[in-house]
Protein chains: 2
Amino acid sequence: MTSREQHDRMANAIRFLSMDAVEKANSGHPGLPMGCADIATVLFTRFLKYDPKTPHWADRDRFILSAGHGSMLLYSLLHLTGYEDMTIDQIKHFRQLGSKTAGHPEYGHATGIETTTGPLGQGLANSVGFALGERIMNAAFGNDLVDHYTYVLAGDGCLMEGVSQEAIALAGHLKLNKLIVFWDNNNISIDGPVSLSDNTDQVARFQASGWNASHIDGTDPEAIAYAIEAARHSDKPTMIACKTTIGFGAPTKAGTNKAHGSPLGADEIAGARKFFNWDSPPFEIPADILDAWRTAGKAGVKARTDWEGRLAKVDAKLKAEFERRLAGKLPSNFDAVIADYKKKLSTDKPKVATRKSSEMALEVINGAVPETIGGSADLTGSNNTKTSQTKNITPDDYGQRYVHYGIREHGMAAAINGLTLHGGLIAYGGTFMCFSDYARPSMRLASLMGIRSIFVMTHDSIGLGEDGPTHQPVEHLAALRAIPNHNVFRPADAVETAECWQIALESERTPSTLALTRQNLPTVRTEFSAKNLSSQGAYELAAASGEAAVTIFATGSEIEIALGARDLLEKHGHPTRVVSVPCFELFDQQSADYRKKTIGNAPIRMAIEAGIRQGWDHLIGSDGIFIGMTGFGASGTIEQLYPHFGITAEAAAKAAEARLHAK
Amino acid sequence: MTSREQHDRMANAIRFLSMDAVEKANSGHPGLPMGCADIATVLFTRFLKYDPKTPHWADRDRFILSAGHGSMLLYSLLHLTGYEDMTIDQIKHFRQLGSKTAGHPEYGHATGIETTTGPLGQGLANSVGFALGERIMNAAFGNDLVDHYTYVLAGDGCLMEGVSQEAIALAGHLKLNKLIVFWDNNNISIDGPVSLSDNTDQVARFQASGWNASHIDGTDPEAIAYAIEAARHSDKPTMIACKTTIGFGAPTKAGTNKAHGSPLGADEIAGARKFFNWDSPPFEIPADILDAWRTAGKAGVKARTDWEGRLAKVDAKLKAEFERRLAGKLPSNFDAVIADYKKKLSTDKPKVATRKSSEMALEVINGAVPETIGGSADLTGSNNTKTSQTKNITPDDYGQRYVHYGIREHGMAAAINGLTLHGGLIAYGGTFMCFSDYARPSMRLASLMGIRSIFVMTHDSIGLGEDGPTHQPVEHLAALRAIPNHNVFRPADAVETAECWQIALESERTPSTLALTRQNLPTVRTEFSAKNLSSQGAYELAAASGEAAVTIFATGSEIEIALGARDLLEKHGHPTRVVSVPCFELFDQQSADYRKKTIGNAPIRMAIEAGIRQGWDHLIGSDGIFIGMTGFGASGTIEQLYPHFGITAEAAAKAAEARLHAK
C-alpha cells in the first residue's frame with residue numbers, strides 16, 4: 001500500500017511525462033493521461049499482474065487502452081515500471097517516425113502494447129476476445145497455468161461507438177467476470193461537453209447487458225482500489241464509471257475539450273507544475289518516485305516465477321502442448337493431415353458449395369488443431385462454420401470451441417482479434433460477405449497488427465440469389481483486396497478451399513478472408529498435388545491445346561464458367577488456357593519469372609469474376625476483357641442472374657472471339 | 001374500431017399472402033410477417049397516416065421495416081391497402097428478377113418503400129434521420145405542413161447490431177418523441193433461441209438512452225393500440241417490446257428458427273390454414289377482408305386533402321419554397337452563386353487545406369441553400385463542417401442546421417440517409433476518412449438507393465501526420481471508389497473543392513464522398529472557368545510544352561507534387577502534362593473521345609496518389625508508373641512521411657526519367 005502522497009506523486013509522474021512528451025512532439029493528447037493517472041497508478045501498483053522484464057509472460061494480466069489517443073498514459077506506465085524497450089529516449093521521440101511511441105499504441109512496436117488502439121471502441125471490443133480467451137485457455141490448461149484478468153480503459157468515444165454495444169452484450173452474455181472496464185467519465189468529447197450529443201446513463205446501459213456497473217470518484221485511489229477489488233470478486237464483467245477531469249491540473253484547460261487533443265502550451269504546463277508542486281524539468285522523474293515505480297514494476301516477479309515453477313511441474317505432454325499453442329505453432333502433423341485430405345478429395349471429387357467445402361476442411365482441421373475456436377454472427381448453418389468438434393461455449397462451459405457471436409459482425413471480428421492476440425488460440429468467424437462491411441474496421445486492424453485472424457465470408461456473389469442486392473457482394477472482393485497485408489482467398493473447389501485454409505492457418509502474421517459460395521461447384525482440381533498450388537496465388541489450371549490465343553483468369557465460382565468458355569473457344573480452334581487466381585496478394589509475392597510465366601503471352605487476356613473489375617487490370621491489362629459486374633446485383637434465382645448480368649461461358653467465349661476477329 | 005374477429009382475419013390476410021408468396025418463390029422469410037401481422041394491422045388500420053393513392057404525400061407517417069427480411073409483411077400491407085403498383089401479380093412474383101417485390105425492400109422499386117432495408121439495424125438507424133427530418137421541417141414550415149410520425153418495426157438482429165446503439169442514443173438525446181419503434185420480441189434468431197447469444201434487457205437499455213420502453217403482448221390488438229396511443233403522447237421516443245411468436249400459426253415450426261428464413265412447406269401451410277380457419281386458396285383474399293383493408297387504406301384521404309387545403313392557403317412564397325425543397329431542386333441562383341465564388345477564388349488564390357476549402361465552399365452553399373443540414377461525428381473543428389449559418393440542433397430548437405452526431409460514424413451515415421429520404425433536406429456529415437470504414441454499410445445503401453447523401457471525409461492520407469497508421473487512410477480511396485454509384489471526389493484546391501461540392505449538391509441520384517486534406521495546398525486553378533471542370537472527372541490541368549513525353553495523373557494533395565515533377569521533367573527537356581482527376585466515376589461517364597484525349601498518348605503514364613495503386617491501372621495501364629503507398633502509413637510529421645514513402649516531385653521525376661532512358 002502506498003501512502004496518498006506517494007500515490008499522488010507517482011500519478012503526477014505519468015501526468016508530466018505525458019504533457020511534456022506531447023509538448024515536445026507538438027502533437028498528441030495530454031488530457032486523458034492527466035485525468036486517468038490515478039486509475040492507472042492504482043491498477044499498476046496494486047493490482048495488475050505483470051513483469052516488465054518478461055513482458056510476454058503468458059499468464060500476465062492484460063491492460064488495454066481502448067482510448068488509444070491517450071497513448072502517453074501507456075507509454076509512461078511502461079517506462080516507469082521498467083519495460084526495457086520503453087526508454088526515456090522513446091518518450092522524448094513520441095510520435096516521431098521510427099520510434100516505438102507512435103501517436104496511437106501500435107501492437108508490435110513496444111512490449112506491453114497488447115493491441116493496436118485508436119479507432120474508438122476497438123480495444124473494448126478486443127477485450128471481450130482477450131477475456132474469453134483467458135477462460136477458454138483456463139478450461140484447457142487449468143488454474144495453475146491460466147488465471148488472469150483483462151483490464152480496459154475506455155473513453156466516451158469507445159462507449160458511443162456501436163461496436164461497444166456488441167462487445168458489452170456479448171461479454172455480459174458470456175459472463176466474462178474477469179473483464180474489468182474503467183470508463184474515463186470526463187464529460188468531454190472533442191466537440192465539447194458530451195451532453196452535446198449524448199445523455200446515455202452508461203451505468204444503467206451496462207447493467208442492462210448483464211454487467212456490474214457503478215460510479216466512483218476516479219481520482220480517489222481508495223475508491224478505485226475498492227472498486228477493483230469488488231470487480232475481481234464478481235460473477236459478472238464489471239464497468240467502473242470513474243468520474244475524472246480531462247487535463248486535470250492544467251489551470252485553464254482542465255475540464256474542457258482544449259485539453260483533449262493538442263499540446264497544452266508552456267503556460268498551462270507551468271501552471272500544472274505549480275499546481276502539482278512538481279519542479280522536475282521535462283522528462284526527469286524524481287529519483288524516489290522513479291524508484292517507487294520500478295519497485296512496483298518488480299512486484300510481479302514472484303507471481304511470474306511461481307507460475308514458471310508450476311509450469312515446470314505439469315505433465316510434460318501438457319506443458320509441450322501449452323508451449324506449442326502459445327508459440328502459435330501448428331501441430332507437427334498438420335501438413336500431412338491436409339495432404340491426406342486432399343488425396344481423398346481427388347478421389348471423391350465432391351460437387352458442393354465452397355462454404356460446404358470449407359466445413360469439410362474445418363472438420364479435418366478442427367480434428368487436428370485443438371486450438372481453433374469457431375463462430376458465426378448468427379449464420380452458423382449458412383456459413384458452415386461449425387464442425388463435430390466445436391460445441392457451444394457457454395458461461396457454464398468455457399471448455400468448448402464455438403461462439404455464437406449473435407448478429408454482431410463488428411464485435412465478432414474485434415473479439416476474434418482479441419482471441420488471437422491473447423495467445424494459444426486460432427479464431428475464425430463467419431458472416432455473409434456483404435456484411436464484411438460491418439466488420440471492416442476490425443479486419444483492417446488485424447492486417448495492421450499482422451495477426452492470424454480468420455474471416456469466413458460466405459454467399460460471396462450474386463450467386464446467393466433471391467436475397468437481392470443488399471446481400472450480394474459486388475465491390476467487396478476489391479474492397480477487401482485493397483486492405484494491405486490481408487490475404488483474400490476465393491477458392492474454386494474443395495481442393496483449393498482446403499489449400500486456402502491451410503495457408504490461412506500457417507500465416508502467422510497475416511489475417512485471411514475466405515470468400516465462399518452458396519452455390520455448388522464441381523471439383524476442378526481432380527489430380528492430386530502434394531504441393532499447395534493456391535499458395536502461389538495463381539496458377540495454370542488448364543493448359544491450352546496449342547500456343548495460347550486466350551488466357552482466362554478467374555476465381556471461385558467463375559472457374560467453372562472459365563473452363564466452359566475454354567471448351568467453347570478450343571472447339572472453335574482458339575487454344576485457350578485457364579489460370580485460377582485464388583489469392584491476388586500471394587501471386588504478387590511470387591518471383592517475376594513465375595508471374596510472367598503464369599500471366600503468359602496470349603494475345604487476348606480475360607478475367608471472369610462475379611464482382612467489379614477494379615484490381616483486375618493488374619493481370620489482364622487495361623485493354624483486357626472483363627466479364628463481371630458493373631453495378632449492384634438483383635433479386636432473382638441464380639439461374640436468372642448469371643445470364644442477366646452476362647456472366648456465362650457463352651458470353652465470355654463470344655467476347656474473346658469478337659476480340660480475336662478484330663485483331 | 002374493428003372488431004376482434006375482423007382484426008384477426010385482416011391480420012391473417014397478411015399471414016397467408018406472406019407464407020404463400022414465400023412458398024411460391026421457394027425462398028424468403030415467412031416467420032416475421034406471421035408473427036407481426038397483428039402489430040402491422042393495428043398500425044395500418046388505426047394509426048398510420050397515409051394515402052396509397054398519393055404515396056409520396058409529404059406529410060404521411062413513415063413506416064420503416066428495419067427487419068427487411070420480413071419484406072412480405074410490407075408488400076402484403078401495400079397490396080392490401082391499395083398501393084396501385086403492388087398488384088397481386090407482384091406478390092406472386094416475389095423475389096423474381098424484375099419484380100418490385102425483391103427479397104428485401106428496395107427503395108425505388110415500389111411506392112410505400114421508404115428506405116432499403118435488409119442489412120440489419122439500418123432501418124432503425126435511418127429512422128432517426130426520418131424523425132429528425134420531420135422535426136427540422138416542422139420547425140421550418142410549421143404544424144400545418146409538417147406533422148407526422150415515424151414508425152419502425154425492428155427485430156432482434158436490428159437491436160444486436162451496434163449501429164442500433166448509436167441510433168437509439170442519438171434519438172434519445174434529441175428527444176425525437178415522434179419516433180415509435182416496435183421490437184419484434186420473438187426470442188428467435190437464425191441460429192436458434194436469442195439466448196444463445198444475448199441476454200440484454202432491451203427495455204432497460206432503451207430507457208438508459210432516454211426512451212420510453214415497455215413490454216406488451218404483441219398479438220393483442222388492444223394492447224398494441226394502447227401502447228401506440230401512449231407513445232404518440234410521449235415527450236421521448238418510444239420502444240414497444242412486442243412479445244410475438246415467429247411463424248405464428250405454423251403447427252410445428254412456429255416459435256422456432258425453422259420459421260425464420262425458408263418456405264414453411266405444404267404441410268405447415270395446410271396446418272396454418274386449419275389453425276386460422278382460412279380456406280381461401282393462395283393469393284386470394286376473401287372479398288370482405290380485402291374490402292376492409294381497402295377501406296382502411298382510404299382513411300387517410302381526408303387527412304391528405306385537408307393538408308392539401310392548408311398547403312394551398314399558406315403564403316405563396318413559403319409554398320413555393322416548400323415545394324422546391326420537397327422536389328429536391330436547388331435554389332435557382334445556385335449555379336450563379338458558385339460561379340461568383342469561383343471567380344473570387346481565382347483572385348484570392350488561397351493556400352489552405354481542402355478541408356478548409358470545403359468550409360469556405362460550405363459557407364457560400366449554406367448561405368444560398370437553406371435546406372442543408374451539417375454535422376460531424378464529433379470532429380467538427382477537424383472536419384470543418386460547421387459554418388456561420390449552422391447552429392446546433394437541440395431538443396429545444398429543431399430550427400437549426402447542425403447535428404453533433406457524437407462519436408457515431410455509422411449512426412451518422414444512416415441518419416444522413418434518413419434525413420435525405422425524408423425529403424426537403426440535403427444532409428452532409430464529416431469524420432476522418434479512415435473511419436469511413438465504420439460508416440461503410442450505410443454509405444453503400446445510399447449508393448444502392450441512389451440518394452443525395454454527402455459524406456465529408458477529411459484527413460485523407462498520410463498527410464495527417466503523427467496520429468499514425470490507425471488514422472491514415474491508405475486503401476480507403478480505392479475501397480470507396482469500388483462502391484457502385486458513389487462519386488468519390490478528391491479535389492486539389494479551393495476551386496476544385498467548390499466544384500465538387502456543386503456536383504455533390506446537384507447529384508440527386510448519387511451520393512458523394514469528399515476526400516479532403518488536413519495539410520495546406522496552393523490554388524492550382526488560378527484561371528477562372530465558368531465551366532465546372534471537375535464534372536468531367538479528369539481534365540488537363542497543365543499542358544506539356546511540346547509533344548508530351550510524360551502524362552502525370554494525380555488527385556488532391558498530390559497535384560502539387562505532380563506539378564513539381566512536371567517542372568523538373570520540363571527542365572530536363574521532357575515535355576510533361578498534368579491531368580487532375582477529381583472523380584474517377586465521372587471520368588468514366590465521359591465520351592470515349594474525351595477520355596482518349598484526356599488520357600493522351602504520351603509514352604510514359606504515371607499516377608501520383610498517397611493511397612494504393614488499385615484502380616489506377618485503368619488510367620495509366622498496368623505498365624504505368626505509380627507513385628503512392630504499398631502498405632500502411634506511419635506516425636510522423638508530414639515532412640518526414642512523404643519522403644519516407646517516396647511520394648515527392650523528385651522521386652516522381654526520377655522514376656519517369658528512368659523509364660524514359662530505358663525506352
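Helix H2(A) is largely enclosed by the rest of the structure, because 16 of its 17 residues are buried (under 20% relative accessible area with a 1.4 Å probe, protein chains only). Helices here are DSSP runs of H or I with at least four residues, numbered from the N terminus. H2(A) covers residues 31–47, and at 1.5 Å a residue it should span 24 Å, which agrees with end C-alpha atoms 24 Å apart (the expected span being 1.5 Å times one less than the number of residues). Even so, H2(A) has a kink of about 55° centred on A:Ala37, the bend being the angle between axes fitted to the seven residues ending there and the seven starting there.

This is a predicted model, with local features needing pLDDT of at least 70 and side-chain atom pairs pLDDT 80 or more, while totals for chains, interfaces and linings use all residues. Residues are numbered from 1 along each chain, chains are lettered from A, and side-chain values use heavy atoms, leaving out hydrogens and water.

The largest cavity comes to about 110 Å³. Its lining has 15 residues, with A:His410, A:Tyr438, B:Val163, B:His410 and B:Tyr438 nearest the centre. Helices H7 (162–173) and H18 (436–449) of both chain A and chain B each give two or more residues to that lining. The second largest cavity, about 90 Å³, is lined by residues including A:Phe44, A:Leu48 and A:Tyr50.

Key:
Buried means under 20% relative accessible area, exposed over 50%, partly exposed in between (1.4 Å probe, protein chains only). On a 1 Å grid over the protein atoms alone, a cavity is a set of points where a 1.4 Å probe fits but cannot get out, and a pocket is an open set with protein on both sides within 12 Å along at least five of seven lines; lining residues have an atom within 4 Å of a point. Grid points are joined across faces, edges and corners, and a volume is the space filled by probe spheres set on the points.
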